[in-house]
Amino acid sequence: MAEVTKTMTDAGRAVGRLIKTIEGEERLDKLAQPLMGFIQKLVPEGPVRDLLHGVPLGHPAHPFLVQFPLGAWTSANVLDLIPGGWIPATALVGVGTAAAIPAAAAGAVDFAAAHPEQQRVGLVHWASVATAGTLYGASFVARISGNKKAGKRLAFAGLVAASVGGYLGGHLAYRQAMGANHAEHVPHLTPEGWHDLGLLTELPERQLRQRLVGATPVVLYRDGERVLALADTCSHLSGPLHEGELSEDPELGPCVTCPWHSSVFALEDGAVVHGPATAPQPRFRTRIENGHVEVSLA
């Protein structure tokens, strides 16, 4: 047992070193940058891109969508091992291949709004899942052509490629925090109660300014005697919102666009107006006491 554990540990470390090499491989940027530009042109800012990011869901759509092709494909592989499972397995291979299209589209728009290190791993992830989709698609063609042996072999080769892609997808989500809410820590680390952030007159009208509540950066926006306040760390990938651009939405009021990946938030309540962010910004209540601006986590 100890020998098995050591072997698995060594294998895990080797894989970790390989992925670390991929993260730092700047030559992959020559592929990633043109691909990012192509995706952004193919799916411009708007409701379609927001839907693919998962803005209406409140979290990324890609992990939700990938369960359909992966579930169908894996079930087909199991059925291929069971007598009488050929017909349902063939149907599942076809369903999984079709379901991979929207999952891939959601992953692509997320890829186009990621850090370089994430995009490098994302390229290898994409190559793995594209290989899996191609193999399962070829398996489906072989199956409906009556070639059972080729159909099964191609499907199991697709399973290997999908497993590699799934591992890399897990690394992107859990190690590199792609798709995670990067403002989730704010309610847990912000001190309770009201906090003095200085004189109201020190805040310029209709501009963004950063202040600290304990160790939590807060972005402030003043409109006359009224002050709006949100967590300054963008929920998408931690961009500094106080360095972003202001805009005015006819329904939502003043909004801020993150300078890193162009997520848009309503300053009134932190709601996501446009992705790639899917989680709203934590909001702070504000009040004016003796000419001083005070805030408290809402």
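**Stop 1: Arg222 and Glu205**

Select arginine 222 and glutamate 205. They form a salt bridge, with the closest N and O atoms 3.7 Å apart. This is a predicted model, so treat each contact on this tour as part of a prediction. Now colour by secondary structure. Arginine 222 is in strand E3, residues 216-223. Glutamate 205 is in the loop between strand E1 (195-199) and strand E2 (208-213). The two residues are 17 apart in sequence, so the bridge ties a strand to a loop.

Is arginine 222 buried or exposed? Arginine 222 counts as buried, because its relative accessibility is 12% and the limit for buried is under 20%. Glutamate 205, at 40%, counts as partly exposed.

**Stop 2: Arg206 and Asp223**

Next, select arginine 206 and aspartate 223. Here is another salt bridge, with 3.4 Å between the closest N and O atoms. Arginine 206 sits in the loop between E1 and E2, and aspartate 223 belongs to strand E3. This pair, too, ties together parts 17 residues apart in sequence. Check the surface again. Arginine 206 is exposed, with a relative accessible area of 53%. Aspartate 223 is partly exposed at 32%.

**Stop 3: Glu268 and Arg226**

Select glutamate 268 and arginine 226. The closest N and O atoms of this salt bridge are 2.4 Å apart. The pair links distant parts of the chain, 42 residues apart. Glutamate 268 lies in the loop between strand E7 (264-266) and strand E8 (272-274). Arginine 226 lies in strand E4, residues 226-231. Both partners are partly exposed: glutamate 268 at 35% relative accessibility, arginine 226 at 41%.

Then pick Arg287, Glu289 and Glu294. Salt bridges that share partners join these three into one network. In total, the chain has nine salt bridges.

**Stop 4: Arg287 over Trp194**

What does arginine 287 lie over? Arginine 287 lies over the face of the tryptophan 194 ring, 4.1 Å from the ring centre. Arginine 287 also belongs to the salt-bridge network with Glu289 and Glu294.

**Stop 5: the aromatic pairs**

Clear the selection and show the aromatic side chains. How many aromatic pairs does the structure hold? There are two.

Now move to tryptophan 73 and tyrosine 136. The ring centres of tryptophan 73 and tyrosine 136 are 4.3 Å apart. Their planes meet at 5°, so this pair is stacked. The pair links distant parts of the chain: tryptophan 73 is in helix H4, tyrosine 136 in helix H6 (residues 116-144), 63 residues apart. Both partners are buried. Tryptophan 73 has a relative accessible area of 5%; tyrosine 136 has 0%.

**Stop 6: the largest nonpolar core**

Select Ile39, Leu52, Leu65, Val109, Phe111, Val121 and Leu123. These residues touch the most other members of the largest nonpolar core, which has 21 residues. Next, highlight helix H1 (2-23), helix H2 (29-42), helix H5 (86-111), H6 and helix H7 (148-175). Each of these helices supplies at least two residues of the core. Which helix gives the most to this core? H5 does, with four residues.

Zoom in on valine 121. Setting aside residues up to four places away in sequence, valine 121 touches Ile19, Ile22, Glu23, Leu168, His171, Leu172 and Gln176.

**Stop 7: the whole chain**

Zoom out and show the cartoon. The chain has eight helices and 10 strands. Its C-alpha trace spans about 80 × 50 × 35 Å along the principal axes. Of the 298 residues, 43% are buried.

The accessible surface comes to about 15,700 Å². Carbon and sulfur atoms account for 62% of that area. As for contacts between residues at least 6 apart in sequence, 57% join residues at least 24 apart.

Definitions and conventions: Residues are numbered from 1 along each chain as its sequence is written. This is a predicted model: local features need pLDDT of at least 70, side-chain atom pairs count only at pLDDT 80 or more; totals for chains, interfaces and linings use all residues. Side-chain values use heavy atoms; hydrogens and water are left out. Rings of Phe, Tyr and Trp (its six-membered ring) pair if their centres lie within 6.5 Å; planes under 30 degrees apart count as stacked, over 60 as edge-to-face and the rest as tilted. Buried means under 20% relative accessible area, exposed over 50%, partly exposed in between (1.4 Å probe, protein chains only). A charge sits over a ring if NZ of Lys or CZ of Arg is within 6 Å of the ring centre and within 35 degrees of the ring normal. A nonpolar core is a set of buried Ala, Val, Leu, Ile, Met, Phe, Trp, Tyr and Cys residues joined through side-chain atoms within 4.5 Å. Contact means heavy atoms within 4.5 Å. Accessible areas come from the Shrake-Rupley method with a 1.4 Å probe; for residues, only the protein chains shown count as cover. A salt bridge is a side-chain nitrogen of Lys or Arg within 4 Å of a carboxyl oxygen of Asp or Glu.
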